[in-house]
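Hi there,

Here is the structure I promised to pass on to you. Please open it next to this email and follow along as you read.

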Amino acid sequence: MSEMLHAEGVTVDYRDRQTLRDVSLTVGAGEILGVVGRSGAGKSILVRALINLVPPPGKLVDGEIRAFGTDLRAIGEAEARSLRGARIGVIVQNPRGHLNPLLRVGTQISNVYRAHHDATKAQARERAISVLRDVGIPAPEHRYAAYPHELSGGMAQRAMIAMALVCDPELLIADEPTSGLDVTIQDQILKLFRRSVDERRTGGLLVTRDMGIVARFCDRVAVLHEGEIVEQAAVPAFFSDAVHPVSTRLIASASFAADAPGPAEVAQ
Amino acid sequence: MSEPVLEVRDLVKEFAVGQGQVLTAVNRVDLQLAPGETLALVGESGSGKTTVGRCVLRLLDATGGTIAFAGDDVTRLAPRRLRAFRRQVQVVFQDPYDSLDPRMSVGAIVEEALRELTDTAAARRGALTKELLERVGLDPDAARLYPHHLTAGEQQRVAIARAIACDPRLLVLDEPTSSLDPITRSEIIALLRSIQAELGTAFLFISHDLVTVRHISHRIAVMYLGEVVETGPVEAVFGRPSHPYTRALLASAPSIERGREDAGISLAGEIPSPIDLPQGCFLASRCPFVLDECRAGHPALEPVSRVHHSRCLRVTGHLAPLPEAAPESAHTTPNGVPTGNRKARVVDES
């Protein structure tokens, strides 16, 4: 399996505290790696580190990050920018905060497409509308002209997802892309993600706190705890054989089964 | 069932949205809640579940219907009686940080509830505050801290301590665990269950998270477009979901037990506008089992068993029954627990 993403020994300092310690992971073509952990485990920092965009005062102090074989820390910002958005799609948390309030949603999506493709405005518009439809936005021709404040939270979130998908990225890194969305919409979006990975042999990294999503959509899972990966396993095996206490508590806390160790037991 | 704590009948809440148009957020909802019981209101955004909770709390005034609580109709309580009402009905919201005053210490937050909502003597309040913090699993010394010193889970414990300070008969919990990580969520659910066992508080638990609902509720009411479309004991609704909406909701929720398997049922399109409600069944435009007749008459909530009700003409015997062996029930054991079937990946065609 060819590697879409290869990270080794990634370490991030935040002032005098280490928030990520020696994190190594890979994402192969045709697979989705799930990253799980409690709040504060370092999941969102990891997403930033993997695209070499750690927000200051955090600092990526050590480690190697290769996307499609290219060392992201060795190339210049211009080259990195041509990768991000085009070959690497990124979905961050808090969609509304990442949409420009002064530009129409469709224009923002078109702009991403035109930044990486030699396309006319009309072609970019057509492409943007088709992606908006893919992520389940009704009447995409009308929503194309909407401003971010005219969209509901769920709609804005889907617009962000559309923006990450508009260039058909080969690697999609998504930080809780569907948290807060209704389950029927979540199901639709994650199926789209899974299908794209399967059919186009792309790679995906999915940060989530929903163990059901891991079971349903991921091939492998990495458990992050206090900045370190404490367990990594293939998905069916993980749910039967996980050994780290954080893993087993995460699994128990998400079980539907009435006879599973209930919340009381999980809470100890 | 013993005498209900709360009895909602025919509750309607409309909002004027300009140009003479009316948005119907809650549409003739009936609910009952017994002491020590948890009723979950489940549904997607726009289903009206939060609006029901706010009407019960009298944070919103109902347009129609009655809300009986301890012999009074909440919808008609005079303003001067609201304070007495609030000594018996409390609330915990989704975002604990937003619901705590950042400039008050944890101790002051809990003590304020004791001062305003109970007859506790001033001299006793400090000690009682510490007892309440201990009761919700916090160090009593946390009284000196401020909300921003605490994790989200600890903040939610403070919100719970404040809510139970007056020993309410009814607690409205509006997505209290939705912003928490799964382990913290389990801890909070365990805490709420132990509080309910100890104090006999009735919970109206509003959530879109089916795993949480499964672990805390006794009964469930599934809402769609302002209406209750299915209601019954949690084992019945999860184990033998009858309404196509409930079935789709359960099928869409990914679960460890079902793994890779695609449960099949999905809804087409979007929830219709609550301003321009359809004639017949509200789900008709999205339902995979729709018949022509479904678009004509509006279905009533009718029994499928003594305790289990559904609002679907094909479930309640008025039209041809739904196809047997729907995908999700085929993988459900008799006691309603989805089995651990793990098939090879199904590449979805939808």
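A word on the ground rules. This is a predicted model, in which local features need pLDDT of at least 70 and side-chain atom pairs count only at pLDDT 80 or more, while totals for chains, interfaces and linings use all residues. Residues are numbered from 1 along each chain as its sequence is written, and chains are lettered from A and ligands numbered from 1 in the order in which they are written.

**Chain A**

Chain A has eleven helices and ten strands; helices (H or I, at least four residues) and strands (E, at least two) are DSSP runs, numbered from the N terminus. Its radius of gyration is 19 Å, close to the 18 Å from the globule rule for 268 residues, so chain A is as compact as a globular protein of that length. The radius is taken over C-alpha atoms, and the rule is 2.2 Å times the number of residues to the power 0.38. Along the principal axes, the C-alpha atoms of chain A fill a box of roughly 55 × 45 × 35 Å.

Of the 268 residues of chain A, 50% count as buried. A residue is buried if 20 or more other C-beta atoms lie within 10 Å of its own, exposed if 12 or fewer, and partly exposed in between, with C-beta atoms placed from the backbone.

Now look for the open sheet of six strands in chain A, whose order is E6-E7-E8-E3-E9-E10, with mixed pairing. Two strands pair if DSSP finds at least two bridges between them. The edge strands are E6 (88–91) and E10 (228–234) of chain A, each pairing on one side only. Direction ignored, neighbouring strands of this sheet are turned by 15° against each other on average. In chain A, E6(A) pairs with E7 (residues 171–175) in the parallel sense over four bridges, and A:Ile91 stands opposite A:Ala174 in E7(A).

Is A:Ala234 buried or exposed? A:Ala234 counts as exposed, because it has 12 C-beta neighbours inside 10 Å. Leaving out residues up to four places away in sequence, A:Ala234 touches A:Asp219 and A:Arg220; such a contact needs C-beta atoms, placed from the backbone, to lie within 7 Å.

Most residues other than glycine have a negative phi, and most peptide bonds are trans. The peptide bond from A:Pro56 to A:Pro57 is cis, with omega near 5°, and A:Pro57 is found in the loop between H1 and strand E4 (58–67) of chain A. A:Glu226 has a positive phi, near 45°, and is a residue other than glycine; A:Glu226 is found in the loop between E9 and E10 of chain A.

**Chain B**

Chain B has ten helices and twelve strands. Its radius of gyration is 22 Å, close to the 20 Å that the globule rule gives for 350 residues, so chain B is as compact as a globular protein of that length. The C-alpha trace of chain B spans about 70 × 50 × 40 Å along its principal axes. Of the 350 residues of chain B, 49% count as buried.

Strand E6 (residues 89–92) of chain B runs parallel to E7(B), joined by four bridges, and B:Val91 stands opposite B:Val172 in E7(B). E7(B) also pairs in the parallel sense with strand E8 (residues 202–207) of chain B, over five bridges; here B:Leu173 stands opposite B:Phe205 in E8(B).

What do E7(B), helix H6 (residues 182–199) of chain B and E8(B) make? They make a right-handed β-α-β unit: with the strands pointing away from the viewer, the path from the first strand over the helix to the second runs clockwise. H6(B) is followed by B:Gly200, whose phi is positive, near 70°.

Finally, B:Arg28, found in strand E2 (residues 22–33) of chain B, has a positive phi of about 50° although it is not a glycine.

Enjoy exploring!

Methods: Axes are lines fitted to C-alpha atoms, for helices over the stretch in contact, and angles run from 0 to 180 degrees between N-to-C directions. Two residues are in contact if their C-beta atoms, placed from the backbone, lie within 7 Å.
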